[in-house]
Structure formats: structure tokens, C-alpha cells
Amino acid sequence: MQNVDAEENCSFVKKQPKVAIFLGTFEGEKFLEEQLESINCQGYKNWTIYASDDCSSDNTLSVLKDFQENGVGKLIIQSNKENKGFTANFLSLVCDPKIQADLYAFSDQDDIWEPHKLQRAVNWIKDIPEDVPALYCSRTITVNENNVEEGLSPLFSKQPSFANALVQSIGGGNTMLFNNKARDLLVEAGTNVKIACHDWWAYILVTGCGGKVFYDRRPSIRYRQHGKNYIGSNNSLLARYKRICMLFQDRFKNWNRDHINSLSSVKHRLTSENLNTFNLFIKSREETLFKRLINLKKSKVYRQTLLGNLGLYAACMLKKL
């Protein structure tokens, strides 16, 4: 595992890679200013924000324009003509050919970035060859509306891999940084894919196509919990229980179906080992009970916890996979 702490406070001798920050906004006036300020206070300075507003009716656009006009700059705004939805809004930024940079980060509108978020991520990704898809993600600090800490996201110990990505997302998009080769995969898959979420999709594509993923155990953002969160935290026992319950509901089954269908267009990009895993996983959803369980075991698909893996096999038995 590479050390991303050692150079946290230094400047690169070489030119710093340009980072394009993809910011999706919708009705975000309440917390957006604080998030923008946390980006502006990053120790790493070579970035530009590309904000895509998804037809907000509040003062979100005014907050963005104030940030843009009051001497801060480094913000480009686009307004959607119709509501795309959370995931499609982010993918529209990823697939926009007018946006060119060396590295790319997702940003939600209501979080707070730790001061060295970008520097730590760049420190890791700069050592990955440019022809290898690379994705950084991390744990998060959960905070309430008033930025009071409530806990940490789960600490995952198993290595990131395609076998894990098929059934679990381990890093929030709000923590992610990725390179051009990873972006190329997302662009090739396109904006019209039917997927659960853009961050899970990025994890699936990068690992499936032979890329590198680093899960940083040190939190990089303060993940704000409030009534309008699209996806809530999963650090409480109740939240984890609810997510395990999804394994027995059609929601998880439908997500898997959508990901399988969406992967079909880029299946030729999967490594031979991951293609075999992918095909065995498909069979574990379709055949008789005994064959389903055998194929799931052969696929080596796994979740990060014992309880999650028990739920995975239970879902397979009940044809909820």
C-alpha cells in the first residue's frame, strides 16, 4: 500500500496536474457556499470547478455566480434545460468533451472538503502510469447539518477489486479523484447507461478494466447528513442493517441487472479474469439453486464484511441477486 501522507504538505517540483472538479448542484443554496469555500481553501491550487445545475428553483445559481464573480474565479457554470437527475448530471460533466484536464474529482454540493483532500489524492495518483486507469477514494467523516461530527464511514479492510465492485460500492463519489484513462472508460460507456450511481459505476469500470483503485483509510471529507441527502450515510448499525436488507429486496437485484446490462457495451474492455468473474456472476443469478451457489463461489464475488457475504449467499439462494 502506498503512503499518501508523506508529501501531504509539499509542492511538486514538476508542474502540478490540472484537476477538473465536477460539481453537481440541485436546490443546494443552504450548504453550497461552505462547500465552495472548502474547495477554495485546498492546499492544492491547480483546479477548476465545472458546475452543472440541474434546474434549481432556489438561489443555487446565485451562490455559484457570487463565488465566480467575487474574485475567486476558477468556476464555470452550466445550467441544464431539463432535470437530468443526480447520476446523469454527473455523467454529463464527465462526458463533456469541452472539459479537459489531467485529473478529475466529483464534488457534492453539501459536503466540506478537508484542507488536504486534493493533495493527498494527487500524491497517490501521480505515481500510477498514465496509461493505467486509476481511481482514488476514501473514508468520510459524517457530520450533521451544523457540521458536528457524528462518526466515520465503515472501515473496509479487503482490497478493492472487480469481484467486490460487482456487488458493493466502497467509496463515495464525493471522495473520488481519477485520471484520464479512467475517464475514457466512463466516456466510452456513455451518459445513457442505467446504473445505480456514478461512483459505484466508476469503481466497477476501473477495476473491471484492469485499473488501480486506492481506498484511503484516512477520511478526506466531512459528509453532511440532512433531510435532502440523495444517499444517506451507512455508518450506523441501523443503516448497515437496512443495506443488508436490500440484498433480499428487488432493489439490489435490479441494480445488479442494470449494471450487467450496462457493462455489455464495454465488456470487451474487461480483463480475461474479470470477464470470467462477470460471466459466473451472471450465471449465479439465473440457474438452478445448486448451480447458482456453485457459480457464485467460483466467481469469488465478495462484500467487505462477514455479514455482507452471508447476506450475499442468502440473496443468491432466494434469487434476489
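A residue counts as buried when its relative accessible area is under 20%. The exercises below use this cut-off on a predicted model.

**Exercise 1.** Determine how the axes of helix 7 and helix 9 are oriented to each other, and state which residues make the contact.

Solution. 
1. Two packed helices are described by the angle between their axes and the distance between the axes.
2. The crossing of helix 7 past helix 9 is right-handed.
3. Helix 7 contributes Trp200, Trp201, Ile204 and Leu205 to the contact, and helix 9 contributes Phe252, Trp255, His259, Ser262 and Leu263.
4. Sorted by type, the residues of this contact are 7 nonpolar, 2 polar and no charged.

**Exercise 2.** Classify the aromatic pair of Phe22 and Phe106, and state whether each residue is buried or exposed.

Solution. 
1. The whole structure holds 10 aromatic pairs.
2. In the pair of Phe22 and Phe106, the ring centres are 6.3 Å apart and the planes stand at 45°, which is tilted.
3. Phe22 belongs to strand 1 and Phe106 to strand 4, so the pair ties together parts 84 residues apart in sequence.
4. Phe22 has 0% relative accessibility and therefore counts as buried.
5. Phe106, at 1% relative accessibility, also counts as buried.

**Exercise 3.** Classify the pair of Phe156 and Tyr215.

Solution. 
1. The ring centres lie 5.8 Å apart with the planes at 45°, so the pair is tilted.
2. Both Phe156 and Tyr215 are buried.

How values were computed:
Residues numbered from 1 in each chain as written. Predicted model: local features only at pLDDT ≥ 70, side-chain atom pairs only at ≥ 80, totals over all residues. Heavy atoms only, no water. Axes fitted to C-alpha atoms, helices over the stretch in contact; angles between N-to-C directions. Helix = DSSP H or I, 4+ residues; strand = E, 2+ residues; numbered from the N terminus. Left-handed = near helix turned anticlockwise from the far one by under 90°. Contact = heavy atoms within 4.5 Å. Nonpolar A, V, L, I, M, F, W, Y, C, P; charged D, E, K, R; others polar. Phe/Tyr/Trp six-rings, centres within 6.5 Å; stacked < 30°, edge-to-face > 60°. Buried < 20%, exposed > 50% of the residue type's maximum accessible area, 1.4 Å probe, protein only.
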